[in-house]
Structure formats: structure tokens, C-alpha cells
Amino acid sequence: MKDKDLHRLTAALQAMKATEPGASLTPDEEALLAHDAETRVQLQALARAQRALTEQGVPLPDVERELQRVTANSRQSARTARLAALRPHLLGALAGAAAMWIAVMAIGRWLPGTRGDTAAPTARHAATADTTLAHVATAEDETLTLHMADGTQVTLNANSRLDYPRRMRSGRRTVWLRGEALFRVSKDRRRPFLVHTTGLTTRVLGTTFDVRAYPGQRPSVALVEGRVQVTARGSRHALTIVPGQKVEAGPAGTLVATTANTDEETAWSDGQFYFDNRRLEDIMAELGRWYGVDVVFGTPALRDLRLHFATSRRSTAAETVELLNSMHHFHARLQNQQIVIEQP
């Protein structure tokens, strides 16, 4: 199958995912899938499974693990070979959803209150025993996109956790975040969307914004579009910001608003590291969190060095260290799960 056909199949998947079971596709999508009725049936089953899981507010199965398991058990299967070839496109179109029909067979162990629900949850994607709240978490070098029951899309950065209601029935849509997430909130003027973090509460009706609240750092909110109201937890101090602004928690319940580079703030969600005139200590903190290594400054004065730096998050730690050294401002070395920063 050619690349252009793969992109069209991705579009077909997205169309089926967004419609009710049995809804018709466009003529192009129909023509693309007409040659393989079996694949079409499986993809429609996938769409129904993804929708059922999302409506229950349950974190979706691990695409990589399920795909690897089916591939290992069915190496001679032509069907498995076809789906494995589509892996990058399935991952991009259905981030977080099951990659094939096995997700349908596994619904029983993912939906609350059904047979198999007593199985132990996975370490990375787990639902709590509480029937009201669920949670989803990421490890280092991992991001995850969650589609919530109200239509909101949340992309979690590495080492982050989101607690959220399985069903949003009340007058408010409320979630709790530790770490970082990019929110694309579905508009609903009758039901505000609230994001609680340590230090800040963000209130929106429908917009796109980035929230950062890692332990040991001042929490912040950067607005990409729309408008949000940010309140300091434990006080009545609140600020309303507009696109291109960022608000950060200050001392004693205060809030500080500044101009923000939203491309820099959200680059992580596109698989990039992008730092625009940032302190080396801040840059290394993010790199260390992603690669799961400690950062040691052998030369403390280098902490305040400001840099412009960008690279792919797909790069290995060794490749990123090599790129840092190519700037000739300092010397970085990777050893024993540490990145050591020293004078050249």
C-alpha cells in the first residue's frame, strides 16, 4: 500500500471513530476499504470499542503492547502483517486506543462493573477502584492522549498523572493534574471545565491551554487560544489571561502574568524539545525528566547560562548530549544514569 493510501486510511479511521456505528464513509474512504472487507469490519469494531471505552471514562488499552502480543501470536497471519505495516498511522490517528480487534475482545476487563474488572491494572494506564474517579499516568519518555467523555482531549507529558470523573454528570467538569498536560477543552458554556493543581485552579468554558505542575516547580498555565481564569489555591487572587500569556504561582498565593511563547510551551506535545533563551538548568531539568536521569552541575555557574536549543524527543540521551556539546558552550557527559555538566 502506498503512502498516500496509508494517509487516506488514517482519515477513514478518524471518520469511523467520530461517527456512530454503521455511519457511511466518503466515496474515497469507501473505495479505499472496499478491497478488504475483513479489515473494514475490524476497523469498525475498533471504532465501537474506542467509543464505548471513552464514554465510560476509562483509560484506553496500550496500543504497543496489544499490537506486539498479536504479532507474536500470529506471525504467519496476513491480516496481522497488514495491520503491523499500518502501525505508525494507527498510533497517530488513535493515540491511546487499541490497535486492532483484540481491543474488542478485551472490553470486559477495561469496562468498570463487567466480568474481568477484578484484574490488576497496568502500571502506566490504570483505573482506580473508585467508581467515581479514574486516573491515567505516564512514565518518563512517554506521552499519552486521552479523549474524555465530554469531547475534551488531554495530552499528558512524561511523569504526569490525571485524575478525572468517569462520567461528567454535574454542572462542572473537574480534573486534577500532577505534572504537565495540554488541554483542548470541548466548549460547553453551561459546564465550566476546572483543572486543579498544587497551587492553581484553572477555569475554562472551552479552549486550548498548557498546564505545568511538576513537584518542586511553581505551577503555571500558558494559553494558546480562547480565554482562561486562573485562581491561586487557598486565596481569592484570580487572573484572566488571553492567548500568548502565561500565569505562574508566586509567593503567598499571588499570581504573576507574563508574555509566553506558546510554540515553546507546547512543543513537547508534537514530539519536540524546544527552548527559546532558557536557562541551562531549566533545559536540563526537562531533559533529565524525559530520559529518567539525574543532572549534575560540576560547574554551578553554568546553571544560569541561557541557550536556544531544539531537538526531537525521539533522540536518545546520548544523541542529545552529543548535540548539546556541539554548541561548544560547555561539556556534557552521560555516565551512570547521570548527565554531568562542566566547563569545556
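Start by selecting R278: this arginine is buried, with a relative accessible area of 19%, which falls under the 20% cut-off for that label. Keep in mind as you go that you are looking at a predicted model.

**Stop 1: the partner of R278**

R278 and E264 form a salt bridge, and their closest N and O atoms are 3.0 Å apart. R278 belongs to strand β14 (residues 272-279) and E264 to helix α9 (residues 262-266), so this pair ties together parts that are 14 residues apart in sequence. How accessible is E264, buried or exposed? At 13% relative accessibility, E264 counts as buried.

**Stop 2**

Step along to R279 and show E281 beside it. These two form a salt bridge, with 2.7 Å between the closest N and O atoms. E281 counts as partly exposed, at 27% relative accessibility.

Next, bring up D304. R279 forms a salt bridge with D304 too, and here the closest N and O atoms are 2.8 Å apart. This pair links distant parts of the chain: R279 sits in strand β14, while D304 sits in the loop between β15 and β16 (306-312), 25 residues apart. D304 is exposed, with a relative accessible area of 52%.

**Stop 3**

Select E180, R212, E264, R278 and E286 together. Salt bridges that share partners join these residues into one network. Across the whole structure, a search finds 13 salt bridges.

**Stop 4: a three-stranded sheet**

Switch to a cartoon view and colour β15, β18 and β17. In that order, the 3 strands form an open sheet with mixed pairing. β15 (294-297) and β17 (331-335) are at the edges with a single partner strand each, so one side of each has no neighbour in the sheet. From one strand to the next, the twist averages 20°.

Zoom in on β17 and β18 (residues 338-342), which pair in the antiparallel sense over 5 bridges. For a specific spot, pick L334: its bridge partner in β18 is I339.

**Stop 5: the helices on the sheet**

Which strands does helix α10 lie across? Select residues 280-291 to display α10, and you will find this helix across β15 and β18, running at about 155° to β15. Then select residues 317-325 for helix α11, which packs on the sheet and touches β17 and β18. The direction of α11 makes about 165° with that of β17.

Technical notes
Residues are numbered from 1 along each chain as its sequence is written. This is a predicted model: local features need pLDDT of at least 70, side-chain atom pairs count only at pLDDT 80 or more; totals for chains, interfaces and linings use all residues. Side-chain values use heavy atoms; hydrogens and water are left out. Two strands pair if DSSP finds at least two bridges between them. Helices (H or I, at least four residues) and strands (E, at least two) are DSSP runs, numbered from the N terminus. Axes are lines fitted to C-alpha atoms, for helices over the stretch in contact, and angles run from 0 to 180 degrees between N-to-C directions. Contact means heavy atoms within 4.5 Å. A salt bridge is a side-chain nitrogen of Lys or Arg within 4 Å of a carboxyl oxygen of Asp or Glu. Buried means under 20% relative accessible area, exposed over 50%, partly exposed in between (1.4 Å probe, protein chains only).
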